[in-house]
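This briefing covers a few local features of one protein model. The structure is shown first, and the notes after it are grouped by topic.

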Amino acid sequence: MAETRSTCCYCGVGCGVIIEHEGGRITGVRGDPAHPANMGRLCTKGSTLHLSAAPETLAVRALHPEMRVARGASRERVSWDAALDHVVERFATIIGEHGPDAVAFYGAGQLLTEDYYVFNKLVKGLIGTNNIDTNSRLCMSSAVSGYKMTLGADAPPASYEDIALTDCLFISGSNTAFAHPIVFRRVEDARKANPDMKLVVIDPRRTDTAEAADVHLALLPGTDIALYNSMLHVMLWEGLVNRDYIDAHTEGFDAVKRTVREYTPAMASAICGLTKKDIECAAEWFAGSPATLSMYCQGLNQYAFGSHNNAALINLHLATGQIGRPGAGPLSLTGQPNAMGGREVGGLANLLSAHRDLANAAHRDEVAALWGVDSVPEKPGKSAVELFQALRSGEVKAVWIACTNPAQSMPDQTLVHEALANAELVVVQEAFSHTETCRYADVLLPASTWGEKDGTVTNSERRITRVRGAVSAPGEARHDWQIGVDFAHRLGTRLGKEKLAAAMFPYEAPEQIWNEHRESTRGRDLDITGLSYALLEDRGPQQWPFAEGETTGRQRLYEDGVFPTPSGKARFVVTEHALTAETPSARYPLHMITGRLRDQWHGMSRTGLVARLYNHEQEPMLHLHPEDLERRGLNDGDLVAVRGRGGQIVLKAMASAAMRPGQCFLPMHWGGNAMSGLGANTLTPAKFDPYSKQPELKHAAVQVEAFVGGSTLVAMRAMKDDMADNPHALMERLRPLLASFPYASLTLAGRENPVVVLKARAERIDPVVIKRLDSELGLDDPLKTLSYSDSRRNIAKQARVDGDRLTAVRLSGEALASEWLTDLMVRRESAAPVRNWLLAPVTQPPAGKAMRGKVICNCYDVSEDDILAAFRGGESLDALQARTRCGTNCGSCVPELKRLSQSAMVPRAAA
């Protein structure tokens with residue numbers, strides 16, 4: 001077995017991993033103890049990365065170029081030459097007839113820095129349009145805008161090391177325990193080492209992160225600016241601001257001072273739904289602690305005023321001098337593995353290489369000289385939402401989508417699907433062929449992915465890591481940069497720019513690309529001219545800036561109080577409280593908040609391939625406060641219709657006291673691959689921040705009503721041990737059926753041996769759908785199935801037993817036994833003792849067998865019921881962990897274990 005050092009491909013923590021591989025296959029993964037970002041730790045998602053590269057996942061890998069010549073036709077396998085030449089001809093024709101702004105590119109924070117650089121250069125340098133944007137626009141552009149407004153550059157000042165050095169940590173708009181678990185492990189370690197360290201969490205929901213806080217400020221959604229302005233008001237009133245720092249290192253304070261004069265704790269209390277006491281306490285802790293660090297994520301960024309959310313928080317750091325010192329400063333947490341690297345190379349519609357601004361003529365000239373072109377276009381490109389609006393209107397004719405899934409992840413999914421359907425040409429460059437976006441692809445170009453790629457990424461703390469491929473890409477898949485270079489040469493020839501394209505894209509290896517990117521940073525705030533592939537491989541990951549002649553990168557920025565602004569001073573920004581894009585009303589009375597689950601990531605194109613990652617939350621569910629359930633006559637588990645201005649989805653309700661009455665929570669991950677309709681982002685609005693162009697994906701106003709009537713359908717298929725029985729291929733064949741139902745979910749259950757689970761309800765279930773479903777599940781042979789039918793009550797059931805194992809079930813009209821039957825299939829237990837009960841209308845398994853319930857610890861497969869039974873039996877958390885090892889590997893379940901321990905003690909104490 002061989003081992004290769006690389007990085008995780010999920011969040012922006014940038015965890016180092018060691019990939020185990022043998023015979024051209026990835027066989028395992030573990031945390032890299034030498035990587036400074038994670039020091040050997042991995043979360044549940046990272047520790048199962050190898051399972052997302054298992055042989056059975058090849059069923060949904062894009063392996064060969066595919067193309068169709070007419071909409072409505074099926075794509076057919078073609079050669080790379082045929083695919084690229086077709087795209088070149090279509091692009092060249094559109095450019096010739098309508099100009100370069102009639103084409104657009106949309107990329108991702110999963111691309112490596114080298115990939116990003118090639119496509120940015122291709123679009124802005126060779127084609128001559130700035131129409132290139134990425135899904136980083138959806139997660140980090142407001143953080144970028146906030147940094148540039150206040151500090152002068154897109155450069156997070158603090159580092160992960162500051163977590164251990166701070167005296168007071170503010171976590172705002174981030175459920176770090178779920179979204180960045182390895183960072184939260186650092187928080188836990190820091191508090192253990194320093195029991196006096198204070199933790200303040202600012203979040204509308206009482207998340208696992210908030211549970212750990214000394215103070216949880218459960219503000220109303222979108223009221224952060226009012227809170228921060230009020231905190232600054234208190235600091236001024238109490239004399240807690242650092243006048244010396246303000247005078248020496250900042251400008252614009254007087255205007256902000258005049259603004260926050262109005263934001264009294266009483267005013268902010270009314271706006272935010274907080275007590276004056278908590279606001280005052282937060283202000284005193286922030287200003288009065290020897291060192292205060294803030295960490296924040298989408299709860300600040302994903303609003304139509306996200307830039308000012310960020311600026312208002314940074315104002316507090318500037319006013320108190322809590323920046324540029326150990327343990328002090330703002331630190332944005334990026335949502336993707338290389339969102340930072342993409343920003344470094346200028347991979348957004350308003351940016352240029354090395355943190356240069358498109359609006360700056362001198363910067364455009366510098367980049368044009370570097371690239372060897374006459375000029376870089378001045379006109380700003382289309383940002384993400386604008387791009388799809390232009391695609392729908394016909395202003396943009398063709399779009400090239402690389403390594404992202406906008407047909408799931410963008411807001412206003414109705415708009416996005418209409419745009420893709422209206423486009424003259426959709427090119428999708430993707431590793432996984434089953435994404436929602438791939439259904440619109442006229443041309444599908446197979447790309448390499450995690451474990452196969454070679455290059456670099458940059459994490460949240462400005463740390464660059466070498467990414468190495470452990471195995472070759474399957475089939476005919478190519479690296480993203482290679483696809484871009486090949487296309488550039490062909491397009492250059494077609495446009496009469498053959499010599500220019502050859503000069504601009506001479507690359508034969510990613511290191512050549514990176515070296516050019518490195519040179520573009522010379523003298524810039526992110527200068528990395530002192531780095532090389534060799535140094536990164538020899539000394540490990542390094543932080544920028546790391547200029548030529550230096551021996552190490554910079555752990556934190558602005559220690560000298562000098563900022564990259566014309567005056568050298570940081571800038572205070574006037575911010576005012578504003579209403580969310582959608583305000584609750586009589587028609588849409590509930591705040592809907594979006595966010596992440598612990599064990600899923602983004603659109604689930606990768607995590608959705610791993611059965612065990614469904615075990616913590618098994619299907620699409622809307623989290624509702626018990627009072628809101630009761631007010632609507634609903635119970636936990638009932639189906640609900642969630643209606644907003646953008647459309648409607650139907651899913652199960654889950655009782656949760658994590659948010660206030662009048663609020664609900666919808667995980668962002670669920671798209672049209674996992675449920676009927678267009679997914680969670682059907683409901684989120686397309687309105688965006690005027691500075692960052694980041695849309696308000698975090699919040700919407702909705703109504704929730706009971707979804708009543710109709711006939712229930714549950715169908716399940718357990719996988720056999722041979723490769724011919726493939727869960728991902730089966731799910732792909734079942735997905736077209738989801739549109740037959742107003743409610744449907746399609747997920748996996750189990751661990752090593754997945755069970756495909758389809759749940760649905762409709763007023764009438766089409767017999768044609770049932771027939772097709774039975775055929776896919778292997779229930780169409782009467783000699784191999786048990787059957788029950790009651791036509792009067794419209795109930796029909798079938799089950800298949802192979803050997804002594806239950807391998808397939810379809811329950812139509814009544815499905816009371818579905819949960820324990822799923823459990824029986826997951827456990828792979830003999831069905832012989834319960835054979836006579838398989839089609840009975842009973843909710844509990846016979847013979848006293850207990851169902852396992854929700855899995856809390858995915859690493860060691862420990863269920864909630866087993867944990868609660870242990871606690872109620874008097875076992876301590878330490879003893880439970882020693883016996884079951886739960887919470888001792890990645891640690892992601894530790895906050896929940898603590899909560900379960902406390903909840904189990906309540907009845908005993910009361911007794």
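This is a predicted model: local features need pLDDT of at least 70, side-chain atom pairs count only at pLDDT 80 or more; totals for chains, interfaces and linings use all residues.

**Backbone, helix packing and cavities**

Pro-545 sits in the loop that runs between strand E21 (542–543) and strand E22 (570–571). The peptide bond joining Trp-544 to Pro-545 is cis, with omega at about 0 degrees.

**Backbone at Ala-354**

- Ala-354 is not a glycine, yet its phi is positive, at about 60 degrees.
- Ala-354 lies in the loop between strand E14 (351–352) and strand E15 (356–357).

**Helix H8 against helix H12**

- Two packed helices are described by the distance between their axes and by the angle between those axes.
- For helix H8 (residues 224–237) and helix H12 (residues 276–288), the axes come within 9 Å and cross at roughly 70 degrees.
- H8 is therefore roughly perpendicular to H12, since angles of 65 to 115 degrees count as such.
- The crossing in which H8 passes H12 is right-handed.
- On the H8 side, the residues that meet H12 are Leu-227, Ser-230, Met-231, Val-234 and Met-235.
- On the H12 side, Ile-279, Glu-280, Ala-282, Ala-283, Phe-286 and Ala-287 meet H8.
- Sorted by class, the contact of H8 with H12 has nine nonpolar residues, one polar residue and one charged residue.

**Helix H8 against helix H11**

- The axes of H8 and helix H11 (residues 265–272) come within 9 Å and cross at roughly 165 degrees.
- H8 is therefore roughly antiparallel to H11, since angles over 145 degrees count as such.
- H8 passes H11 in a crossing that is left-handed.
- H8 contributes Ala-226, Leu-227, Ser-230, His-233 and Val-234 to this contact, and H11 contributes Pro-265, Ala-268, Ile-271 and Cys-272.
- By class, the contact of H8 with H11 has seven nonpolar and two polar residues, and no charged ones.
- Leu-227, Ser-230 and Val-234 of H8 are listed in the contact with H12 and also in the contact with H11.

**Cavities**

- Six cavities of 30 Å³ or more are present in the structure.
- The second largest cavity holds about 170 Å³ of space.
- This second largest cavity is lined by 20 residues, and those closest to its centre are His-434, Met-604, Tyr-614, Asn-673 and Arg-735.
- The lining of the second largest cavity divides by class into eight nonpolar, ten polar and two charged residues.

Notes. Residues are numbered from 1 along each chain as its sequence is written. Side-chain values use heavy atoms; hydrogens and water are left out. Axes are lines fitted to C-alpha atoms, for helices over the stretch in contact, and angles run from 0 to 180 degrees between N-to-C directions. Helices (H or I, at least four residues) and strands (E, at least two) are DSSP runs, numbered from the N terminus. Angles under 35 degrees count as roughly parallel, over 145 as roughly antiparallel, 65 to 115 as roughly perpendicular and the rest as oblique. A crossing is left-handed if the near helix is turned anticlockwise from the far one by less than a right angle, and right-handed if clockwise. Contact means heavy atoms within 4.5 Å. Ala, Val, Leu, Ile, Met, Phe, Trp, Tyr, Cys and Pro count as nonpolar, Asp, Glu, Lys and Arg as charged, and the others, Gly among them, as polar. On a 1 Å grid over the protein atoms alone, a cavity is a set of points where a 1.4 Å probe fits but cannot get out, and a pocket is an open set with protein on both sides within 12 Å along at least five of seven lines; lining residues have an atom within 4 Å of a point. Grid points are joined across faces, edges and corners, and a volume is the space filled by probe spheres set on the points.
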